[in-house]
Amino acid sequence: MNNASTVSNFLLEGFAEVWELRLLLSTLFLLTYLATLLGNFLIITVTTIDQNLHTPMYYFIRSLSIVDICYISVTVPKACINSFTNNRTISVAGCAMQVFFVVFCASVELILLTIMAQDRYVAVCQPLHYPVIINHQFCVHTILASLLCSLIMAALLCGNTFRLSFCKSNVISQFFCDMPSLLRLSCSDTFSSQLILLLSSVGLGATCFTFMLLSYVSIFSTVLKFPAKEERGKAFSTCVPHIIVVTVFLTSGFIVYLRQSSSTEIIQNMVLSVFYTIVPPFLNPIIYSLRNKQIKKAMEKVMLKVRIQKEKKFIFGKY
């Protein structure tokens, strides 16, 4: 088998062929990207500045926001630039980097969501043991473990994909480089690559989903015993949106990565990809933080400080 790729670059799929529609979709994606950056940067800022938010839960939320910024930045800026300039080209090295960082960020995101579900389980079901179980050492070790596991998985899948030869076509039926589309372009035997992709995706996804499911089943069973309806409603309103986002994230990812789809199903593949690359980073700040009273109070404090500083500069600037 020839290990060298016979193509020098790839062509990514555009959002649409008609210029007006492509401009509209590109603008929508760009606004979504900017809103995601703003929401996550606000969370990172307030959880770093406010000493009251230096707790394990907000440590994980801040880590998730950092991952979300990286995750959405891997695909959307390049896709928007390509669409605005009508230049769909991406180098083989650039494509390999996209594949690596998409897998890495998606894996870290999934593991972090699992850790956060475990954090909520301990907080609700074992509140007296929470400071002992979810301590600083646990936080650091779990984050490092998630990064290491994701790094190994990304290196394995990326290396396993780009060891193949690509000579059928250089047109990727996606707005970014993803492994299923690349495997369809390969003229090498892709059985082992597809098997590794299947085992690693199902292994990580099923493991994380099982842990999250068990955590939330325990949380719901404990919450239902609460005497006050307000407390039950608050717990459900926090947990249910998280479960919905995780389900959409895993379901869309599994469909894209595991099904045997043809290159003609371009629109369907692109829509599904949006649900696991763009929707979670966009919704996570809203679900985990912007609905959180402590985060809102911290944001108000930061805004007040900024306004006071501006007023001081304005007053002293006069004299």
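This briefing covers the disulfides, the salt bridge and a charged patch of one protein structure. The model is predicted: local features need pLDDT of at least 70, side-chain atom pairs count only at pLDDT 80 or more, and totals for chains, interfaces and linings use all residues. Residues are numbered from 1 along each chain as its sequence is written, and side-chain values use heavy atoms, leaving out hydrogens and water.

**Disulfides**
- The count comes to two disulfides, a disulfide being a pair of cysteine sulfur atoms within 2.5 Å.
- C95 is joined to C177, S to S 2.1 Å, and this link is left-handed, with -125° about the S-S bond.
- C95 and C177 are 82 residues apart.
- C95 is buried at 0% relative accessibility; buried means under 20% relative accessible area, exposed over 50%, and partly exposed in between (1.4 Å probe, protein chains only).
- C177 is also buried, at 0%.
- The sulfur atoms of C167 and C187 are 1.9 Å apart in the other disulfide, which is right-handed because the torsion about its S-S bond is about 140°.
- C167 is partly exposed at 41%, and C187 is partly exposed at 37%.

**Salt bridge**
- The structure holds one salt bridge, defined as a side-chain nitrogen of Lys or Arg within 4 Å of a carboxyl oxygen of Asp or Glu.
- D119 pairs with R120, with the closest N and O atoms 2.8 Å apart.
- D119 is buried at 1%, whereas R120 is partly exposed at 24%.

**Positive patch**
- K293, K296, K297, K301 and K305 form a positive surface patch, where patch residues have over 30% relative accessible area and no salt bridge, and like charges are joined within 9 Å.
- K305 is exposed, at 51%.

Notes: Patches are made of residues with over 30% relative accessible area and no salt bridge: like charges are joined within 9 Å, nonpolar side chains (Val, Leu, Ile, Met, Phe, Trp, Tyr) within 5 Å. Accessible areas come from the Shrake-Rupley method with a 1.4 Å probe; for residues, only the protein chains shown count as cover. Lys and Arg count as positive and Asp and Glu as negative; His and the chain ends are not counted. The place of a charge is taken as NZ of Lys, CZ of Arg, CG of Asp or CD of Glu. Helices (H or I, at least four residues) and strands (E, at least two) are DSSP runs, numbered from the N terminus.
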